Amino acid sequence: MPCERKPMRYGHSEGHTEVCFDDRGKFIVTCGNDGDVRIWEGLDDDDPKFITVGEKAYSLALKNGKLVTASSNNTVQIHTFPDGDPDGILTRFTTNATHVTFNSSGSRVAAGSSDFMVKVVEVSDSSQQKTLRGHEAPVLSVTFDPKDDFLASSSCDGSVVVWNIEEQTQVVSWPLLQKTNDVSNAKSLCRLAWQPRTAKFLAVPVDTKVHLYERGSWDHVSTLSDDLLTQPINVVAWSPCGQFLAAGSVGGSLTLWDVNSKLCVERQKHEKGFTVCGLAWHPSGSQIAYTDTEGCLGLLDGLGTSSSDTGVTKEAPAKKQTKDYDDLFDDDDDRLMDEGLSDTNSPVKKHVAGDDDDDDDFLMPATGRVRNRGAILDDENSLDTGSLKLGQDKFGDDDDTGSAVVPASAPLVPLRPVYEGPLPTPPQKAFQSGSTPAHLTHRFMVWNSVGIVRGYNDEQDNAIDVEFHDTAVHHAMHLTNSLGHTMADISQEAVLLACPSTDELASKLQCLHFSSWDTNKEWMVDLPQGEDVRALCLGQGWAAVTTSALTLRLFSIGGVQREIFSLPGPVVCMAGHGEQLLIVYHRATGFDGEQALGVQLLQFGRRKRQVINGEPLPLSHKSYLSWLGFTAEGTPCYVDSDGVVRMLNRSLGNTWTPVCNTRETCKSKSDHYWVVGVHENPQQLRCIPCKGSRYPPTLPRPAVAILPFKLPLCQTTTEKGQMEEQFWRSVLFHNHYSFLSSSGYEIDEDGQSKSQKEQQELLMKMFALACKLDREFRSVELAEMMTQNVVTLAIRYASRSRRMALAQRLSEIALEKANQIQEEEPEEQEVEPEYSSIRRTSGYGQSEVAGGRYSNRHNQEEEEEQREELAEEEDGQEMETEETTETRKRVNPFAKEAGSPEKVSLTPIGKVGRANPFKVLGSGKPSASSGQPRATNILDNMTSSRKSAPLGGSAGKPNKSPVLKPLAPRPKTKTQSTLLQMTGSKAANKKTQEKMEPTADRQKQPDVPPPASPADNTENKRPKTGFQLWLEENRKSIVADHPDLEETDVIKEGMGRFRTLSAEERLSWTERAKGQTGDAADLKKRKRTAEGGGDAENENGQAEADENNAKKKKSVDPSSKLSAFAFNKN
């Protein structure tokens, strides 16, 4: 395609210059660094008209008589054309816009800016704006899809992104370019161009080639390249017909390709070799105007004749034999290709001589490509493999492009087999957890639970700021970064820094050991030549670095070199915590977008060992690792680029469990959470929300948000799924207790017992729900997981709901568990004193009656009854369809009925996310936190199944009574109960309750207690019950009758006799017992009986008194009263 290169003209002052033609091709319009827009009537116009638009003009676009410019005052403005009258401001940015463009119809303008934003504005109404956020660095260029659905943009963050304009979302993003921090430092302007008319291809300049991506599938279908191009392509432009693509490069090369054949049809060189930064085709396709970075304007003329010739020639292949295909372009590209082949044959001569049909043309096509590709074809019907392999199979089937090559390409089959299998994934580079990319001038070098290290590298200074979350650890530090450190880690003892090697200097590791007690707080070590630090981390008393030689080097915190070992693959990331070191590396090449990572976990203690040795690290589909670390309690966890957080489950053979998906809480696709820390107790994921980005800027200081954890169990919207999720999450998040204690650390036993209690409560609720749904097999499965104490409750619950087969199976389980406890009895007795002291502080065991026997028994009974209510209350919430007839027939001896359907649920799950309603504060008083009306510490005495056993029975024979409990036979009478379920006062109250049964319906509602009287709050001694008083007086006669009875049996016998007394007698004993504790309790009882005795169970001792106090404290408003366990039977 011969063309004429016109001499350059001076147009603007030195600097970036852009050019375009007007719609009719009458004017050439340029803008430049002097802030002027010049309107040339032709290249030889000596006095072009000019419009001043600002101090500098960065970019311009012209359509339908509207001239849009991006100027240095951070605005995008409109002028009329050609008059040049200002027509208002389209949009503003916080920094200057870098590129503007019109859509094909001229109704919209897109602008990209250095503040990472892309805006799409309606020309007729500039208030109609869409902002596309997601780039992480200044935007280099923008281009509209001719069909107006998509917009493509390239950015200094290295990515080319296609956006859906209406939805303002990213459709696809390709990491194609080199990352830089500013447009001025970018190797290429990467000006994208979309094929006009058909809109089939998006052209993206990538280094010295142009990639073509197909619209819709977004596949990389082809690459246009030229062996003579040695410097990056800056800008590309399509001919108006969409058949040719022109490219201007940094070295001043101008190259023209025919897209259908992917052959280079024209090469020109800038007369002085300056960088070409603007390109525009004349609407007729006969000229290309171009500008350079020195402010000059040039023109290539005479393209039209040759391109129309080509168009004519192109009809031929349909009729010609395929072997003549190579002659097709002889007139255009012999000359060009000969430059690559030999200097002897001038194209013109060759063409005139008519030797274009040489014998060896099929061997050496006129393109000259074959020699470069090293493939000679020996079949005269074949084509140049270059054009065939990349071209025909992808392009040949498209009629829109105006290509007439189609028929020729149909019968052709490439001779060389083409690989169609999965493609390898580029391995992800090593990174430091909690750091932002190294190409930024201001970045986080690390942000973790100890502090923040920031790096600054701009014109003024190269420095590092270290800041501690807790200034008691150390004050903030400002370090000059003369060595150019790029990696950092920070712990309670030291700051560790590392820099890469340069031609002169080795890679260095520097440690600021601020916790040292001597005066030398710093040490430095040079790595061997050719070894670069790739990742580093700090633990307790040690530091570790991995290097480019696949070596891991350990140092003591004071600088002593310790162990060294080789890694199986290039490191990706490392993390340290206490005595644990976690390493993730590439174990192999991944395919189809997957990363194949391996993980090692080492433990340095007295006995060093490898806990995980090179297992594959599970990642989400087509994702990569984005954060690696430990929870504050020392459990390894990591986050992948899909936002899934996984944690090590030590109790399941060191498997990785997904515990959270941060993407679920993101509002848009381009939002992300940048993780900075994980805590298991309380369960918190600490992270920074990043709008439209993967990481936060250093300024303004980002705010840390806290996300909850949620295991991805099925159907978590149902009550069952919710409880299962809570239970397994509780199990997983409390594994660290056993790990820490086995590693010899002290653990918070209160916390541990609380967590076990929480798990048992959840099991009991799930058990009750399974019973309600008639899932007895499932109930037994749940009981297997319970502790022995809770199984006893389950038995009682089962038999009360008349499920005798279930109760029988459960009692077998209880026996089994009791036997296990007996086997472990010797240890138990040593542990017992310690736990009894815990029990005492936890709000129980306060009345020391007769050798502590009753008090223990008493606590347990109450605690179990409360747990039982918990189960019943659960049914109430769950099964509202249950008929009430049955419950009326069979009054529950406890004031709360198992089947009462109208119960109000504890707390609405949606709002509070099922907090534990049984928390007790350290003081032993019930917690008064709002929203959890029932604060009695139900499972407080229960620690682990082993430890809680001795609390069950009398002090002398700790294991006997638990075995007996479940197996006591029970007739099905209304007042029936077992030893564990009742004491004298309850029995007395049951009778009165039955008398009042007709009125019970009305009386259920006032179950919420009256406001607490001051006297109530002073109660802290556990009152004796009527049965205890009666037993004290009658013990002798029982022992005389049965001298061989043990203590447990004495109580049983007593219970039997007490039950035979008349209701009035039992009531009088209860009155006497209450009388001993003074007026306060009496007053309270009178109030309650006046209200209808609905809370009979609560008269039973201090635990319930405490519970009432808690209720009273909390009954602030009617709704919170309702959410206590009040019944409402209307």
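Strands here are DSSP runs of E, at least two residues long, and helices are runs of H or I of at least four, numbered from the N terminus. With that in place, P700 sits in the loop between β51 (684-690) and β52 (705-707). The peptide bond from L699 to P700 is cis, with omega near -10 degrees.

A word on the model. It is predicted, so local features need pLDDT of at least 70 and side-chain atom pairs count only at pLDDT 80 or more, while totals for chains, interfaces and linings use all residues. Residues are numbered from 1 along each chain as its sequence is written, and side-chain values use heavy atoms, leaving out hydrogens and water.

There is another cis bond, from F81 to P82, with omega near 5 degrees. P82 lies in the loop between β9 (75-80) and β10 (86-92). Most peptide bonds are trans, and most residues other than glycine have a negative phi.

On phi, R197 has a positive value of about 65 degrees and is not a glycine. R197 belongs to the loop between β19 and β20 (201-206). R197 counts as exposed, at 63% relative accessibility; exposed means over 50% relative accessible area, buried under 20%, partly exposed in between, with a 1.4 Å probe and protein chains only. D774 also has a positive phi, near 60 degrees, in the loop between α9 (749-772) and α10. D774 is exposed at 56%.

Last, a sheet. Strands pair if DSSP finds at least two bridges between them. The open sheet has 4 strands in the order β19-β20-β21-β22, paired antiparallel. Its edge strands, β19 (193-194) and β22 (220-224), each pair on one side only.
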